[in-house]
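Dear colleague,

I am handing over the structure below, followed by a summary of what was found in it. Please read the notes alongside the coordinates.

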Amino acid sequence: MAHMASLATLNPDAWLYAGAWSATWWSGLHPETVGLAMRQRRLARLIDQALSASPFYKKRGGGRLCDFRPTTKHELMACFDDWATDRRITRAALESFVADPQRAASPWLGRYLVWTSSGTSGEMGYFIQDATSMAAYDAIDSLRLRGRAPLDNLNPLWGLDQRFAFVGATGGHFAGFVSLERMRRATHGRPTIQVVSALEPVARIAEQLAVIDPTVLICYPSAAVLLAERQLSGTLGLDLTEVWLGGEQFTPGQRALIQAAFQCPVRNNYGASEFFSIASECRFGNLHVNEDWVILEPVDANLQPLSGDGFSASVLLTNLANLVQPLLRYQLTDRVRFAPRPCPCGDRFRVIEVDGRSDDILRFQDAQGGPVPVLPLALETVIEEGAGITHFQLLCRGSAVIEVRFDAELPDAPAAYERLRAVLLAYLRQHRVAGLRTRFSRAAPQREQRSGKLRRIVAVQARSQGRGEVSGSSPASA
Ligand SMILES: [Zn+2]
């Protein structure tokens, strides 16, 4: 999410960046010829590298992409020491490095950027970026984040006068924070890049933003919704030139609310820890896949190519930029579909719709009955980091009861519940939430009726009123 657009001209690996930038610009001009030719060249390079230097992929063989069996995060984490093409990379060494949150954005083994992610699957993943992949991500963002027309983003000075504020999970090895912190260190104060923890109460986040007085706000859609509500109510007075969003489902209702509040362009982006900038938005609000750098294959529940034009069960991702930790046909749990027709903007990289992470904002009350909204990202982070639990579901019934459920395979669920409850209530006390009870349920986590999708943080009332739609409790989706 931490895309600094033109700031990426300050990429520390200037030559690599210049190469990636010019190639990305050129393929953006001619997606169907130059873009796809570059994709084939990069794919051949990736397969060569994986087969020659990764013991994991050597065993899987194959000279073509379709020869590779799909892989999962679970499988790669289990075979971690056989995965990377730099044989110094081991899980034990990496875990020792990431154990210290202060090392976020510091180079590992002198050359790699590291980030961790639990993602929607709930299993921790460790992702290592080499200079080539960072140059690619920077180039993509520089040229496509603020609009996809190849001539629109050529002002390298655009970012220099901006004041960027990032509201997100901070203080750990999270992809958004790490990439933003890397940029902050490289830019030496011009422009200003400041981070605000999304774990703070929303009123406190708003106070900090008022001091920072950003021109560009970078955050999750749910956080932008809460800030937009404050802007509209007059308790926040930001003067933004742009809002950059990513990391969660983004609904038309949320867009309308955020635009009404801040009166500026809102840029959405689809990325993952496995590939930072999978798709970026054009002026029609459509997400075009960066097909020169990443390959997506929508698949059914049996990991077979999807037939029909509905949403996939998941999607196989091939990262053409990262040669140190190859990802070939890696299963992302996002449900996606390609749009059947080309986009009227003229960009021939395909348009994708994503049914991604869309947990609810929870709305509690303080002792005086005042509203206390809490971000799903904050709750997930607190529970994952504080209780060490990723396979949970919170069902919030009204503003006073949270029911906690776990996946069936979690051993000793009652003990997990006690750990989760302790960190959850301590966190909500900091937000002055009053009159709240939790209860443990042995029932299986609820799934969306239509899609079968599992969400971890659910405002039950809003979901039922909203007929189980993807967008949840935010007024924007009403
Ligand atoms: Zn378009």
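A donor, as the word is used here, is an N, O or S atom within 2.8 Å of the metal, and since water is not among the atoms, sites may look incomplete. Please bear in mind that this is a predicted model.

With that cut-off, the protein donors of the zinc ion are the SG atoms of Cys282, Cys343 and Cys345 together with NE2 of His288, lying 2.1 to 2.3 Å from the ion. The 4 donor atoms subtend angles of 100 to 117° around the zinc ion, and the arrangement is therefore tetrahedral; for comparison, the ideal angle for four tetrahedral donors is 109.5 degrees. Along the chain, the donors follow the spacing C-x5-H-x54-C-x1-C. Within this set, His288 in strand β9 (residues 287-289) and Cys343 in the loop between β13 (335-338) and β14 (351-355) are 55 residues apart, so that the pair links distant parts of the chain, and both His288 and Cys343 are buried.

Turning to the strands, an open sheet is formed by 3 of them in the order β10-β11-β12, with antiparallel pairing. Because β10 (294-299) and β12 (330-332) stand at the edges with a single partner strand each, one side of each has no neighbour in the sheet. The twist from one strand to the next averages 35°. Strand β11 (residues 314-319) is joined to β12 by 3 bridges, and Val315 stands opposite Leu332 in β12.

Finally, helix α7 (residues 131-145) reaches 20 Å from its first C-alpha to its last, close to the expected 21 Å, and 13 of its 15 residues are buried. The helix α7 is followed by Gly147, whose phi is positive, near 120°.

With best regards

Notes: Residues numbered from 1 in each chain as written. Predicted model: local features only at pLDDT ≥ 70, side-chain atom pairs only at ≥ 80, totals over all residues. Heavy atoms only, no water. Donors = N, O, S within 2.8 Å, 3.2 Å for Na, K, Ca; no water. Tetrahedral: all angles 85-135°; square planar, octahedral: opposite > 155°, others 65-115°. Helix = DSSP H or I, 4+ residues; strand = E, 2+ residues; numbered from the N terminus. Buried < 20%, exposed > 50% of the residue type's maximum accessible area, 1.4 Å probe, protein only. Expected span 1.5 Å × (residues − 1). Pairing = 2+ DSSP bridges. Axes fitted to C-alpha atoms, helices over the stretch in contact; angles between N-to-C directions.
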